[in-house]
Amino acid sequence: MGIKTFSQSLLTAAAVSLVVACGGEKAVAEAAKEQTNTTAHEAPAETGELVVYSARKEHLIKPLFDRYTAETGVDIKYVTDKAAPLLTRLQAEGENTPADLLITVDAGNLWYAADQGVLSPVESETLEANIPSYLQDPENRWFAISKRARVIVYSPERVSPEELSTYEALADPQWEGRLCLRTSKKVYNQSLVATLIEANGEDKTEEVVEGWVQNLAAPPFSNDTQTMQAVIAGQCDVAIVNTYYFGRLEKAALDKGETLPLKIFFSNQDDRGIHVNVSGVGVTANAKNREQAVKFVEWLSDGEAQSMLADLNQEFPVNPTIEASEEVKSWGSFKEDDVDITIAGQRQAEAVMLMDKAGYR
Amino acid sequence: MIEAVTLARRGRSPRRVVFRQWCWRLIPLLAGFLVLMPVAVIVSSWSDSQADVWRHLYHTQLFNLLQNTLIMLFGVGLGVTVLGVSLAWLATVCDFPGRRYCEWALMLPLAMPTYVLAFVVLGQWDFMGPVQVLLRQWHSDFRVDVRHPLTIIAIMTGVLYPYVYMLARSAFVTQGSDVTEASRMLGLNLWQSFFKVSLPMARPAIIAGLSLALMETLADFGAVSVFNYDTFTTAIYKSWFGLFNLQAAAQLASLLLLFVVMALMTERYARNNGRDEQGRRSQHRFRIVLTGSKRYLAAFYCWSIVLLCFVLPLIQLAVWCLDIYSLELDSRYWQLLEHTLMLGVGAALLVVASSLLIAFSQRGYANGLTRGAVMVAGMGYALPGSVLAVGVVLCFGYLDREWLVPLQQWFGGGTAPVLTGGLIGLLLAYFVRFLAVAMGPVESSIERIRPSLPEAARLLGSSQWRLLFKVYLPMLRPGILTALLLVLVDVMKEMPATLLLRPFGWDTLAVRIFEMTSEGEWQRAAVPALTLVLVGLVPVIVMIRKSR
């Protein structure tokens with residue numbers, strides 16, 4: 001990495017000059033400061049503590065940490081942020097990192113973290129048994145812990161489900177002025193388009209995306225919830241969103257005693273199946289509490305943890321023996337695209353550029 | 001011994017003098033160096049060309065990005081200048097009904113983070129928002145897309161005009177009424193006196209405020225992403241998150257720096273050409289009392305700005321909170337609040353104290369090198385928060401790995417990083433980001449001190465430190481208060497660096513807002529957002545009362 005070597009040499013030079021300039025006194029003061037610091041955040045002890053960097057939001061993961069602490073007495077410390085900054089922090093900290101685990105959403109991000117070498121392989125029979133092979137890294141550097149589908153939602157007043165079939169078909173002229181999409185900057189759309197490229201090739205996919213753009217009723221929205229609200233308000237008739245966003249709106253409506261004027265359609269059921277994405281976890285390459293970390297991942301892949309993870313965010317469990325919540329099951333069963341989800345990462349940059357070319361903002 | 005000290009104090013030993021000069025010069029150099037580290041990491045991204053990304057950008061978006069960014073800069077620049085200056089002048093020089101309340105109420109929008117106002121406006125006025133739904137009931141075809149560049153400009157202006165307003169106001173206050181009176185006695189009318197006398201005299205302050213507002217506009221990611229408006233910042237994030245290309249992202253970010261260097265140079269140039277010095281702080285004893293319809297127009301103008309930029313969004317937030325507070329509000333909020341305030345106050349003290357030392361050193365001992373260092377030190381503000389945070393993390397990670405952790409181990413400590421994930425690291429990051437915010441008001445008020453005053457003090461044998469505490473500090477009080485307030489509020493609103501560098505468990509209100517907005521749960525975000533705005537109000541009000 002050019003950026004690193006250059007900045008390193010620069011910083012070394014700078015640090016040397018700084019030390020020379022400041023002389024002895026400063027160094028002593030510095031050292032004293034360090035000492036107080038060490039006591040302030042000492043490295044975790046061999047057992048009894050885990051440190052997690054999480055791109056899954058606090059309210060969707062903390063209940064699990066609390067439960068694990070209650071069951072095992074292992075204390076879990078965590079910070080949350082977006083995936084890319086967390087990854088950069090892991091890389092910058094190198095072998096000094098306090099993090100034992102990285103939790104993130106989207107297969108592309110997991111693939112990239114593994115690709116950058118911050119995660120380490122975990123050989124575990126429990127994990128192999130609990131998590132289907134297409135939902136984990138071929139080299140076992142990360143494992144999915146929850147699953148969501150990217151579905152088509154439609155207004156049952158203005159659209160009959162027979163009109164719908166595939167993601168690709170939303171590019172047809174019949175949807176002109178009736179489609180709403182979230183921005184192409186969101187990773188869920190990037191992963192979706194990456195799998196479209198994998199299935200249909202680049203040229204066909206570009207046509208599809210151009211078709212979508214032509215059919216848009218409004219410029220792309222900044223999030224899934226807003227996109228669905230546009231359908232509800234009648235600005236458009238169909239949209240592509242993640243299942244749990246739909247679940248949240250449905251729940252909010254139910255709480256108010258209303259029914260949501262939206263329905264889910266599982267697309268591509270007659271060909272490869274619907275696009276699914278995951279949130280997942282990996283043990284870091286420099287984990288200080290590796291054994292403990294592996295145990296935690298195993299715990300996450302089974303039993304109550306799976307239900308909790310899924311139910312917190314109305315997602316699907318990845319462990320096939322665990323059932324989804326009643327609400328989630330009420331959306332119906334479906335066939336999912338079981339393409340290796342690392343494709344989402346490998347083809348992500350390609351997908352982003354393709355969407356730029358097609359004018360999808 | 002005593003003799004030597006006296007000699008040195010009187011500045012008779014040339015070697016001592018030179019030594020002391022360099023000691024003072026070390027302060028801005030150190031500050032410049034601190035900011036330069038992360039900036040250098042970002043600029044060093046050019047060592048490796050990312051030709052395909054650039055080719056791609058050139059063929060698809062580059063022109064559009066530039067255009068969008070320039071439109072926004074121009075619009076916000078014009079907006080904040082017109083609003084900020086006109087309001088400041090009305091509120092300090094004229095008198096109209098409710099002026100006394102308006103004078104401080106106009107600063108309130110400062111407590112509103114841009115991203116919060118953006119999601120409130122969108123929630124209220126978009127196609128599915130209550131306003132348009134209501135309008136459609138009367139007129140079923142009613143359709144307006146508020147996701148328009150003008151809306152974004154209006155939002156940014158609404159949040160950022162207080163920078164210009166505050167600085168211009170304190171300039172008008174220090175000008176005193178004698179200036180206006182003198183000019184009017186010499187035959188200028190009200191407008192002429194404003195444009196020919198008051199305005200040119202306040203120019204350094206206005207430009208300082210304007211450049212803060214523009215840098216914030218350049219670095220904004222929250223508001224533009226809520227509106228899905230493509231600017232340089234969004235392109236940076238796209239290259240980083242979407243193309244997995246941190247280097248191209250850093251290259252794009254370094255282009256932003258180019259904008260900033262140009263802006264800062266213009267600022268210096270404008271300031272040097274418009275020196276105004278005023279030794280004493282005079283009060284406006286005589287205001288121009290507006291008469292007839294003018295007084296009501298002035299009152300209407302000021303109050304409608306307060307209403308639109310602050311009261312209405314606040315009401316909307318409160319309404320959302322009512323729906324949701326039972327789900328969201330719990331004992332954790334005390335802790336979030338505590339962390340937010342502690343970080344804010346700590347950073348404000350650190351940053352303002354440093355900026356004071358820097359400005360003071362510049363006043364006495366500036367040379368080409370230190371001027372350059374001060375300019376570099378101001379650049380941190382214009383970088384998009386996340387990019388700066390990454391620059392900081394890369395530097396800190398490096399320092400930890402190569403220097404601090406080995407040193408720590410040598411003293412028998414563990415391998416935990418010292419800077420990344422530590423409080424010191426976070427405070428340093430705030431320093432890098434917000435030094436420019438403090439430098440603006442401190443520098444512009446130090447410039448208004450007539451050099452004859454410190455010169456007189458020096459002639460009377462006062463030491464440099466004594467000069468700082470006895471002469472400068474009392475005269476700089478309004479400027480220092482403004483700086484403290486600005487940094488405090490800015491740190492409380494700051495999101496990306498806090499997210500990336502906070503120690504375990506140090507969640508703040510802004511972190512909570514991030515958790516909610518990034519999941520699209522705007523209603524739930526209203527609770528931490530409202531809390532943040534209300535907490536931000538406390539320092540704003542305290543400082544306003546003191547700065548009167």
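Me: What share of the contacts in chain A with a separation of 6 or more comes from residues 24 or more positions apart?

Reply: Two residues are in contact if their C-beta atoms, placed from the backbone, lie within 7 Å, and in chain A residues 24 or more positions apart account for 79% of the contacts with a separation of 6 or more. This is a predicted model, in which local features need pLDDT of at least 70 and side-chain atom pairs count only at pLDDT 80 or more, while totals for chains, interfaces and linings use all residues. Residues are numbered from 1 along each chain as its sequence is written, and chains are lettered from A and ligands numbered from 1 in the order in which they are written.

Me: How many helices and strands are there in chain A?

Reply: Helices (H or I, at least four residues) and strands (E, at least two) are DSSP runs, numbered from the N terminus; chain A has 14 helices and 10 strands.

Me: How should I read the packing of helix 18 and helix 20 of chain B?

Reply: Two packed helices are described by the angle between their axes and the distance between the axes. Axes are lines fitted to C-alpha atoms, for helices over the stretch in contact, and angles run from 0 to 180 degrees between N-to-C directions. In chain B, the axes of helix 18 (residues 423-447) and helix 20 (residues 464-493) come within 8 Å and cross at roughly 150°. Angles under 35 degrees count as roughly parallel, over 145 as roughly antiparallel, 65 to 115 as roughly perpendicular and the rest as oblique, and helix 18 and helix 20 of chain B are therefore roughly antiparallel to each other.

Me: How many residues does each chain bring to the contact between chain A and chain B?

Reply: Chain A brings 61 residues and chain B brings 66 residues, and on the chain A side helix 1 gives the most, with 14 residues.
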